[in-house]
Amino acid sequence: MNFIPISIIHKYLNWRDRHFPVGNILRHTQYVLIFKTTNYCDLQCPHCCECSGPNNPRTFIPANIVCSYLDQARTDPSFSNDVVLTGGEIMSAYRFVSDDYVPTLLNHSLDLGIDTDIKTNAAWVRGELAPRILADLNNISVKYKPYALHMSLSLDRYHKDALENNARLIAGMADRPISVNISGFKNHVDMFPALIECIKSKNISAEEVWIGNPENMQSAVLVGGKLLLTQSKATLFNGGRAQNMDWAMETKFPQFKFICKSGVLIAFDSAGRVTLGENSGRKISTKWRTARGPKSLMHTRADLIKAAWHEETRARLLEGWRFNQR
């Protein structure tokens, strides 16, 4: 059997990193793990970049697989120690999987000391499962250090009844030390003050405070004396059903541009794909599972780097893309 000398392999890798640097950046840039646990959602919003909806399969990434990837990431120096648990609508697991699915993921991630953010549309807050879900979230929030649990909610005119749903969820956890971020679009900025008034109408205090260090102060709202409420502005990309929105942003190489800033998102979905970035522009993906079962996190990352190298090559040859055009 013939072997290639290690020196030649190193020379080849160095040449590739110099002339096609995206893979090199990926290897050395910290990453955030995102688990799109399902593509099922009880809503079918016109701006959804994932095409989630009620007609999609009611399948979920098994909890033991998510926990295994979290265990592997915790020992990886390149892991940013941040994880996002989302969907579709992750809380639909209470209907289609088990009552333990979401608490298992949250407890395992928080037990590992990982900064954990759970995203939900909060539409369930009007249904029969609301008391159980709220009880679980409240119980988990007091088991860990204050503000270890983060929640992200969307506030816009595309999510049905978003204003009231968000207010009810926040009111249901107002006496807990958690942080909640409200994400909305620039043309819907008037909805955040309306949310604050809706919370106050439920006889819950809400006062503006400043958080952070002296060099990076951020305005927030302290709800019920403990819950910290912040807001951020989202960018809509023309993926999924959002391609029908005339103001959605077109981005050909979102992953390249994002990678070259401060970090990279590695998003696992319930269909067995893992993607760089989340929902914008041309995808750079591979599979996280095979017929034999789930691949290791190291193997998955290596396959993503390889896919990014091939995509960069394609972009250079077919579209004249250059690294220095970022």
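1. Let's start with Ser52, which counts as buried because its relative accessibility is 4%, under the 20% cut-off. Bear in mind while reading that this is a predicted model. Ser52 sits in the loop between β1 (31–36) and α3. Its side chain makes a polar contact of 2.6 Å with the side chain of Asn39. If you skip the neighbours within four places in sequence, Ser52 is in contact with Asn39, Cys41, Leu43, Gln44, Gly88 and Arg241.

2. Cys48 is worth a look next, as it also lies in the loop between β1 and α3. With a relative accessibility of 16%, Cys48 counts as buried. Not counting residues up to four places away in sequence, Cys48 touches Gly239, Gly240, Arg241 and Ala242. Arg241 turns up among the contacts of Ser52 too. As for Arg132, 84 residues from Cys48 along the chain, the two C-alpha atoms are separated by 27 Å.

3. Gly88 is in the loop between β2 (79–86) and α4 (93–96).

4. Now the second largest pocket, which holds about 280 Å³ of space. It has 19 lining residues, and the closest to its centre are Asn39, Glu50, Asp269, Ala271 and Arg273. Asn39 is the residue whose side chain pairs with that of Ser52.

5. How many cavities of 30 Å³ or more does a search of the whole structure find? The count is 2, and the largest cavity has a volume of about 50 Å³. Leu26, Val264, Ile266, Leu276, Arg301, Leu304 and Ile305 line the largest cavity. β9 and α10 (297–319) are the elements that give two or more residues to that lining, with α10 giving the most, 3 residues. The classes here are 6 nonpolar, no polar and 1 charged.

6. On to the inside of the protein. In soluble globular proteins, nonpolar side chains tend to be buried together. The largest nonpolar core here has 75 residues, and Leu33, Phe35, Val223, Leu229 and Phe268 have the most contacts inside it. Helix α3 (residues 63–74) supplies the largest share of this core, 7 residues. There is also a second, separate core of 7 residues, including Phe185, Leu236, Ala242 and Met245. Ala242 is also one of the residues that Cys48 touches.

7. Leaving out neighbours within four places in sequence, its contacts include Tyr69, Leu70, Ala73, Phe79, Val83, Ile266, Phe268 and Leu297. Ile266 also belongs to the lining of the largest cavity.

8. Finally, two backbone angles to check. Asp161 has a positive phi, near 55°, though it is a residue other than glycine; it lies in the loop between β4 (149–154) and α7 (162–172) and counts as partly exposed at 39% relative accessibility. Asn203 is not a glycine and has a positive phi of about 65°. Asn203 is in the loop between α8 (191–200) and β6 (206–213). Is Asn203 buried or exposed? Its relative accessible area is 74%, so Asn203 is exposed.

Notes
Residues are numbered from 1 along each chain as its sequence is written. This is a predicted model: local features need pLDDT of at least 70, side-chain atom pairs count only at pLDDT 80 or more; totals for chains, interfaces and linings use all residues. Side-chain values use heavy atoms; hydrogens and water are left out. On a 1 Å grid over the protein atoms alone, a cavity is a set of points where a 1.4 Å probe fits but cannot get out, and a pocket is an open set with protein on both sides within 12 Å along at least five of seven lines; lining residues have an atom within 4 Å of a point. Grid points are joined across faces, edges and corners, and a volume is the space filled by probe spheres set on the points. A nonpolar core is a set of buried Ala, Val, Leu, Ile, Met, Phe, Trp, Tyr and Cys residues joined through side-chain atoms within 4.5 Å. Buried means under 20% relative accessible area, exposed over 50%, partly exposed in between (1.4 Å probe, protein chains only). Helices (H or I, at least four residues) and strands (E, at least two) are DSSP runs, numbered from the N terminus. Contact means heavy atoms within 4.5 Å. A polar contact is a pair of N or O atoms within 3.5 Å; within protein, one must be able to donate a hydrogen and the other to accept it, and residues adjacent in sequence count only if both atoms are side-chain atoms. Ala, Val, Leu, Ile, Met, Phe, Trp, Tyr, Cys and Pro count as nonpolar, Asp, Glu, Lys and Arg as charged, and the others, Gly among them, as polar.
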